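Visitor: Hi, could you walk me through this one? I'm new to it.
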Amino acid sequence: MASVAREWREIPGRYNTVGTKCGACGKIYFPARSLCPKCRRASVGKMERYDISEEGEVYTFSVVHDAPDANMRMKPYAVGMVKTTDGVLLTGQIVDIDPHRIEIGMPVRTVLRKIYEDGESGVIHYGFKFVPKW
Amino acid sequence: MREVAVIGVGMTKFGELWDSSFRDIGLKAGMLAIEDAGLSGDEIDGMFIGNMASGRFIDQHHIGALIADYSGMASNHVPATRVEAGGASGGMAFRQGVMAVASGMHDMVIVGGAEKMTDVDDPSSNAIIDSTADQQWESSMGATMASLHAMIAKRCIHEGMATREEIAAVSVNSHANAVDNPNAQFRRATKIESVIRSSAVAEPLGMFDCAPISDGAAAVVLCPLEDAKKHTDKPVKVAAVSQASDTLALFQRNSILSFAATRVAAERAYARAGISAKDVSVAEVHDNYTISGILAAQDLGLFKKGEAGKAFLEGVTLTGGKMPINTSGGLKAQGHPIGATGVAQIVELTHQMRGTADKRQIAKPRYGLAQNVGGTGSAVTVSILEAI
């Protein structure tokens with residue numbers, strides 16, 4: 001079972017999709033990075049907080065039937081890669097829709113949801129998921 | 001740098017080996033390779049072992065020491081190093097072994113690969129495999145390894161790079177080739193319709209699109225090319241071993257329709273071997289999922305972008321075809337004991353280059369290429385063997 005600290009320190013990214021923008025080249029990253037992989041040393045100290053757009057569209061997706069224990073009760077569920085209006089790709093579940101009605105290009109927005117729980121007495125993990133933007 | 005040769009190979013059967021432990025299979029593959037090289041074992045001065053996750057599959061870390069001990073190498077205090085790179089662990093162990101001999105640090109190295117996956121239940125096994133993706137930002141968000149590949153497949157179909165039938169044909173190809181491999185987990189042919197109709201794992205991929213959970217081990221013995229003839233009449237030259245990295249998470253790539261690490265590793269390997277893709281006589285590619293076979297065939301330059309699917313569908317890639325791919329049965333049908341996979345590819349290619357692949361033997365072998373992938377293309381090794 002994972003410690004609470006492991007979850008806690010990732011809250012900005014997992015709850016609010018907070019990423020970073022490189023002050024040297026302007027590229028946006030999610031999750032947050034302390035070093036721009038392109039600018040490397042030139043980016044040190046120049047990585048700025050960047051709130052990733054909550055709107056985007058489905059780039060690709062899959063309906064998962066063979067699920068890990070944590071998600072067993074949700075199956076079949078949809079997981080997708082969403083391209084936000086910033087041009088950043090995110091991976092997460094697509095919910096509040098029949099998985100077989102999802103289409104590539106469908107507009108979605110990010111919401112905060114429960115992701116899974118560590119057994120009956122462990123940490124409840126929250127994070128972002130995507131819902132259709134009706 | 002010294003040129004390096006493969007002088008001995010061995011492997012266990014791949015599959016659900018209920019009566020064999022991790023140490024049993026690791027030892028067996030090593031013994032077979034040493035016997036094949038005509039050695040006593042005392043000549044070995046270095047060991048590299050590809051293994052992905054013994055710590056989670058059998059709760060045993062420190063398997064370098066374990067294998068050195070049970071293979072008798074610890075009695076000579078031979079250094080043993082475990083190499084981990086997700087699905088590319090075996091290929092990377094091979095590269096480390098080649099580097100050790102090429103550099104002159106070692107004169108006789110055994111490279112092993114082993115994974116015992118069936119000592120845990122299937123959901124646990126899949127969770128371990130999922131941990132080779134980005135645990136924090138992919139797996140724990142609900143993305144499984146199968147679903148990440150399914151998302152690649154979905155986008156490929158959407159963009160017209162391959163059809164569902166062409167993707168399924170990768171499985172049909174591997175199964176057809178595995179019929180003639182006595183070590184394969186599945187020695188049965190299958191049909192396009194059966195693959196497409198197989199129970200859904202992560203749509204559009206079904207069970208027959210996915211490599212199985214397997215136990216198994218493989219090993220090869222390496223020495224300097226100039227000494228190889230002292231040990232065997234049929235040494236095989238290692239013409240190149242290359243490796244490339246990419247982002248851990250798939251969603252951070254510029255494109256998910258191609259693995260850049262495969263392209264770069266292949267370019268480096270072709271340059272080192274002084275050949276181009278058209279010189280490859282046979283390839284073993286990492287078809288952990290059917291879609292991976294399509295990407296591999298294109299990224300390695302064996303087929304143009306958008307044309308690999310058709311080649312698989314038309315049987316060009318069968319053992320008797322113009323560009324044989326996965327004569328062993330690949331990961332899909334030979335089996336995929338993860339750490340062993342990359343080493344087993346070298347075993348198969350060595351047989352092909354020597355002309356000892358029995359019913360799987362291709363005509364006029366010259367260069368054999370192996371591509372081994374960790375995660376969703378996050379680490380890739382490409383090795384080229386040359387018949388001499």
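Guide: Across the interface of domain 1 of chain B and domain 2 of chain B, the rule finds 1 salt bridge, meaning a side-chain nitrogen of Lys or Arg within 4 Å of a carboxyl oxygen of Asp or Glu. The model is predicted: local features need pLDDT of at least 70 and side-chain atom pairs pLDDT 80 or more, while totals for chains, interfaces and linings use all residues. Residues are numbered from 1 along each chain as its sequence is written, chains are lettered from A and ligands numbered from 1 in the order written, and side-chain values use heavy atoms, without hydrogens and water.

Visitor: Where do the two domains of chain B run?
Guide: Domain 1 of chain B covers 4-121 + 214-236, and domain 2 covers 133-211 + 239-387; the bounds come from an automatic or database domain assignment.

Visitor: And how many residues does each give to the contact?
Guide: Domain 1 of chain B gives 41 residues and domain 2 of chain B gives 34, with contact meaning heavy atoms within 4.5 Å.

Visitor: What area is buried between them?
Guide: About 2,800 Å², with 67% from carbon and sulfur atoms. Buried area is the accessible area (1.4 Å probe) that two parts lose on being put together, summed over both.

Visitor: New topic: how far apart are the domain centres?
Guide: The centres of domain 1 and domain 2 of chain B are 23 Å apart, taken over C-alpha atoms.
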